[in-house]
Structures are given as C-alpha cells and as structure tokens.
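Subject: Structure handover

Dear colleague,

Here is the structure you will be working with. Please open it alongside this message; my notes follow below.

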Amino acid sequence: SPAQTYYYDETKTFHEDGFTYQCDNDEGNIRLYNSQNRFVYTEKTYRDGSKLPEDIARGRIHAIEEENWTRPKARSIANDTFSAGEKAIVKGWRYGIQMMIDTDTGKVTEVVFFFSARSPYARILPSTYREIERRLKTEIWFTITDVGKQLNFASLTWGHEVK
C-alpha cells in the first residue's frame with residue numbers, strides 16, 4: 001500500500017488557491033482554521049469584554065434559539081463534503097467542528113476543525129476543510145437569543161463521525 005501522508009505533523013501555514021489555513025499542532029492535537037479567523041483563541045465574553053456568569057459560559061443558558069434544521073444541515077455538510085475516497089479513509093473516526101457565530105446576524109463567521117495528528121483526518125487536504133467552512137458560512141444561520149445578542153460571539157461545537 002502507498003505511504004500514508006499526514007499533512008499536519010507540525011504547526012504550519014498552508015497557502016492554497018485563494019485561501020490560507022493555519023494548522024496549530026499542540027502535542028499531536030490539531031487545530032485547523034482559516035488564518036483570517038479572529039476568535040480561535042478568544043474567550044467568549046459580553047461585548048464590553050466583561051466575564052460571563054458560569055451558566056452562560058457553560059451553555060446552560062443558550063445564545064442560540066433551539067430549532068430543528070440547522071444541526072442536521074450542518075451535519076450533512078460535515079458528511080457530504082468528503083469524497084467517497086476520503087470517507088473510506090476516515091470511516092469510524094471522529095473529528096471536532098466549532099462554528100463561531102455572529103451575534104448580530106446569526107451567520108457562521110468562522111469554523112475550526114479539531115483532530116489528532118495521527119487520525120485519518122490528518123490525511124485529508126486543507127481544501128476539503130475549506131469547502132466545509134465555505135458551505136457552513138453560506139448555508140447555515142442561527143436565530144440569536146436575547147442573551148446571545150449580548151456576547152462578543154456565539155459558538156457551537158460538536159464531534160462528528162463521517163457517514
């Protein structure tokens with residue numbers, strides 16, 4: 001069998017056709033994201049920068065209205081963007097996805113991917129992750145709660161196994 005290429009062995013920047021992606025490798029834990037992202041390492045706060053109470057910080061009080069279409073749609077994007085060959089590579093493994101959401105518009109503004117440097121997801125080119133990001137930004141939006149409208153950003157994170 002051909003050698004398996006792992007693209008994210010070290011912290012580096014990928015300059016691709018029309019986009020730049022940053023890979024942060026923290027002891028084998030990969031954080032992959034568009035280099036234009038602003039909130040990757042930013043604490044969620046009130047807009048004035050003040051700290052959130054624990055019930056909001058931990059998500060017990062929701063920043064996003066509950067409904068029944070965005071999560072299934074986001075999951076289908078997280079599945080369907082992978083080619084058949086890529087799906088075969090990652091079968092049975094999970095990766096993490098975090099969407100940062102604009103609290104004025106409800107639109108997805110940033111996407112971050114998480115996986116192990118030795119998981120099959122590390123064998124997937126940045127262009128696939130970029131397409132997931134592009135689709136989430138254009139096809140998904142949320143209704144922000146009154147609490148959410150007070151935050152610097154909202155986020156939604158989930159672990160995903162590609163089907």
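In which strand does Trp158 lie? Trp158 is part of strand β6; strands here are DSSP runs of E with at least two residues, helices are runs of H or I with at least four, and both are numbered from the N terminus.

Before the rest, two notes on the basis. The model is predicted, with local features requiring pLDDT of at least 70 and side-chain atom pairs counting only at pLDDT 80 or more, while totals for chains, interfaces and linings use all residues. Residues are numbered from 1 along each chain as its sequence is written, and side-chain values use heavy atoms, with hydrogens and water left out.

Overall layout

The protein chain has 4 helices and 6 strands, in the order β-β-β-α-α-α-β-β-α-β from the N terminus. Its radius of gyration is 16 Å, close to the 15 Å that the globule rule gives for 163 residues, so the chain is as compact as a globular protein of that length. That radius is taken over C-alpha atoms, and the rule is 2.2 Å times the number of residues to the power 0.38. Along the principal axes, the C-alpha trace spans about 55 × 30 × 30 Å.

Of the 163 residues, 43% are buried (under 20% relative accessible area; exposed is over 50%, partly exposed is in between, with a 1.4 Å probe and protein chains only). The accessible surface comes to about 8,800 Å², and 47% of that belongs to carbon and sulfur atoms; the areas come from the Shrake-Rupley method with a 1.4 Å probe, and for residues only the protein chains shown count as cover. Among contacts (heavy atoms within 4.5 Å) between residues at least 6 apart in sequence, 71% join residues at least 24 apart.

The core

The largest nonpolar core has 40 residues. A core of this kind is a set of buried Ala, Val, Leu, Ile, Met, Phe, Trp, Tyr and Cys residues joined through side-chain atoms within 4.5 Å. Tyr95, Phe113, Phe115, Tyr129 and Leu136 have the most contacts inside it. At least two residues of this core come from each of β2 (19-26), β3 (29-34), α2, β4, β5, α4 and β6 (154-161). Another core, of 6 residues, lies apart from it and includes Phe39, Met100, Val112 and Phe153.

Tyr129 lies in helix α4. With 0% relative accessibility, Tyr129 counts as buried. Leaving out residues up to four places away in sequence, Tyr129 touches Tyr8, Tyr21, Leu32, Phe82, Tyr95, Phe113, Phe115, Tyr121 and Ile124.

Beyond its neighbours within four places in sequence, Trp158 is in contact with Ala74, Arg75, Ala78, Tyr95, Gly96, Ile97 and Met99. In α2, the buried residues are Thr70, Ala74, Ile77, Ala78 and Asn79, and their cover includes α3, β4, α4 and β6.

Aromatic rings

Rings of Phe, Tyr and Trp (its six-membered ring) pair if their centres lie within 6.5 Å; planes under 30 degrees apart are stacked, over 60 edge-to-face, and the rest tilted. By this rule the count comes to 16 aromatic pairs. The rings of Phe82 and Tyr95 have centres 5.7 Å apart and planes at 75°, so this pair is edge-to-face. Phe82 lies in the loop between α2 (70-80) and α3 (84-90) and Tyr95 in strand β4 (residues 94-101), so the pair ties together parts 13 residues apart in sequence. Both are buried.

Phe82 also forms an edge-to-face pair with Tyr121, at 6.0 Å centre to centre and 75° between the planes. Tyr121 is in the loop between β5 (108-116) and α4 (126-139), 39 residues from Phe82. Ring pairs link Tyr7, Tyr8, Phe14, Phe82, Tyr95, Phe113, Phe115, Tyr121 and Tyr129 into a cluster.

Glu27 lies in the loop between β2 and β3. Glu27 has a positive phi of about 55° although it is not a glycine. Most residues other than glycine have a negative phi. At 79% relative accessibility, Glu27 counts as exposed.

Regards
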